[in-house]
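Subject: Handover of a structure and the findings on it

Dear colleague,

I am pleased to hand over the structure we discussed, together with its sequence.

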Amino acid sequence: MEHNAATRALAALGHATRLSIFRLLVQAGRGGKLAGDIAQTLCLPGATLSFHLKELLA
């Protein structure tokens, strides 16, 4: 992994909510997890979850 890409990825995971989302997705495996299920599990409004997912994809 390129140094800059690794830095961006680690920075994204440096936020507690994004780390929680990432952990849920890792536990779910290849089947993934529905956005609504993630929001409900973490007690997040949809807009907040959307924001954090966008940051994880960047």
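Overall picture

Please keep in mind that this is a predicted model. The secondary structure of the protein consists of four helices and zero strands, and the order of elements from the N terminus on is α-α-α-α. Taken along the principal axes, the box filled by the C-alpha atoms is roughly 35 × 25 × 15 Å. Of the 58 residues in the protein, 17% are buried. When contacts between residues at least 6 apart in sequence are considered, 45% of them join residues at least 24 apart.

Helix H2

Helix H2 comprises 13 residues, namely residues 16–28. How far apart are the end C-alpha atoms of H2, and what span should the helix have? At 1.5 Å a residue, H2 should span 18 Å, and its end C-alpha atoms are 18 Å apart, so the two agree.

The buried residues of H2 are Thr17, Arg18, Ile21 and Leu24. These residues lie on the same side of H2, because they cover an arc of only 120 degrees around the axis. On the other side of the helix, Ala16, Arg23, Val26 and Gln27 are exposed. The cover over the buried residues of H2 includes helix H1 (3–13), helix H3 (35–42) and helix H4 (46–57).

Leucine 19 also belongs to helix H2. Is leucine 19 buried, exposed or partly exposed? Its relative accessible area is 37%, and leucine 19 is therefore partly exposed, since buried would require a value under 20% and exposed a value over 50%. Leucine 19 and threonine 7 are twelve residues apart along the chain, and 15 Å separates their C-alpha atoms.

Just after H2 comes glycine 29, which takes a positive phi of about 75 degrees.

How H2 meets H4

Two packed helices are described by the angle between their axes and the distance between the axes. In this model the axes of H2 and H4 come within 10 Å and cross at roughly 80 degrees. H2 is therefore roughly perpendicular to H4.

Which residues bring the two helices together? From H2, Thr17, Arg18 and Ile21 take part, and they meet Leu49, Phe51, His52, Leu53, Glu55 and Leu56 in H4. Sorted by class, this contact has five nonpolar, two polar and two charged residues.

Leucine 53, found in helix H4, deserves a separate word. With a relative accessibility of 25%, leucine 53 counts as partly exposed. The C-alpha atoms of leucine 53 and arginine 18 are separated by 7.5 Å, although the two residues are 35 residues apart along the chain.

Two further residues

Serine 50 likewise has its place in helix H4. Serine 50 counts as partly exposed, because its relative accessibility is 44%.

Where is cysteine 43 placed? Cysteine 43 sits in the loop between H3 and H4. Cysteine 43 has a positive phi of about 55 degrees although it is not a glycine. Its relative accessible area is 67%, so cysteine 43 is exposed.

In brief, the points to check on the display are the side of H2 that carries Thr17, Arg18, Ile21 and Leu24, the crossing of H2 and H4 at roughly 80 degrees, and the loop residue cysteine 43 between H3 and H4.

With kind regards

Notes:
Residues are numbered from 1 along each chain as its sequence is written. This is a predicted model: local features need pLDDT of at least 70, side-chain atom pairs count only at pLDDT 80 or more; totals for chains, interfaces and linings use all residues. Side-chain values use heavy atoms; hydrogens and water are left out. The expected span of a helix is 1.5 Å times one less than its number of residues. Buried means under 20% relative accessible area, exposed over 50%, partly exposed in between (1.4 Å probe, protein chains only). The arc is that of the directions from the helix axis to the C-beta atoms. Contact means heavy atoms within 4.5 Å. Axes are lines fitted to C-alpha atoms, for helices over the stretch in contact, and angles run from 0 to 180 degrees between N-to-C directions. Angles under 35 degrees count as roughly parallel, over 145 as roughly antiparallel, 65 to 115 as roughly perpendicular and the rest as oblique. Ala, Val, Leu, Ile, Met, Phe, Trp, Tyr, Cys and Pro count as nonpolar, Asp, Glu, Lys and Arg as charged, and the others, Gly among them, as polar.
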